[in-house]
Amino acid sequence: MRRNLLYLIILLLLVLLFFYKVFAGNVLLPADLTLRLQPWRSYSHSLFPYFRKVYNPLLDVILYFYPWRVLLERSLREGFIPLWSSYNFCGQPFLANMASACLYPFNWLLLLLRAHILMTINIILHFLLTSIFAYLFFLHLGVRRISALLGAVIWTFSGPMVTWA
């Protein structure tokens with residue numbers, strides 16, 4: 001058991017090392033992508049001359065999920081969960097929409113944290129949980145501890161995990 005704890009601590013340190021920029025005050029949101037969209041695009045070159053290239057073409061996080069987390073944060077702080085979001089065109093279901101993740105347990109922390117901070121913590125927490133459960137899965141398959149650690153590291157920092165986190 002102590003040896004498993006050592007390997008789990010190694011996984012924790014690797015995940016925290018992977019996200020070292022977060023501890024310098026950064027958040028894991030591609031907010032700079034908004035500078036490529038109107039109306040901000042007109043001002044992006046004069047205000048941010050260093051911004052020339054989009055490094056993350058995945059717009060869903062900043063255009064889709066983040067606004068919904070902000071709406072959920074504001075609603076939870078006011079004491080309700082809206083059934084309907086009237087901010088998209090003529091509106092759309094909010095609570096009934098699976099992508100809004102209103103009932104996801106970690107999102108209830110929006111009562112305590114701001115949306116951009118919680119989204120960053122969620123990403124780090126998901127990386128940590130996937131590394132721990134991958135390690136336990138490989139142990140369940142009967143491989144040695146060091147092989148389970150290596151398998152968990154490979155899975156946790158694989159292309160699909162890093163790209164879609």
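## A walk around the second pocket and a helix pair

Start by selecting helix α3 (residues 60-78): with nine residues, α3 gives the largest share of the lining of the second largest pocket. Helices here are DSSP runs of H or I with at least four residues, and strands are E runs of at least two, numbered from the N terminus. A pocket is an open set of points on a 1 Å grid over the protein atoms alone, where a 1.4 Å probe fits, with protein on both sides within 12 Å along at least five of seven lines; lining residues have an atom within 4 Å of a point.

Keep in mind that this is a predicted model, where local features need pLDDT of at least 70, side-chain atom pairs count only at pLDDT 80 or more, and totals for chains, interfaces and linings use all residues. Residues are numbered from 1 along each chain as its sequence is written, and side-chain values use heavy atoms, leaving out hydrogens and water.

Now pick P67, W68, L71, S85 and Y87, the closest to the pocket's centre among its 13 lining residues.

Next, click A99, in the loop between β2 (92-93) and α4. A99 sits 31 residues from W68 in sequence, but their C-alphas are 8.9 Å apart in space. Leaving aside residues up to four places away in sequence, A99 touches Y64, F65, W68 and R69, where contact means heavy atoms within 4.5 Å.

Last stop: show α1 (residues 2-18) with α4 (residues 115-140). Their axes, lines fitted to C-alpha atoms over the stretch in contact, are 10 Å apart at an angle of about 145°. Among the residues that meet are Y7 and L11 in α1, and F127 and L128 in α4.

Note on methods. Axes are lines fitted to C-alpha atoms, for helices over the stretch in contact, and angles run from 0 to 180 degrees between N-to-C directions.
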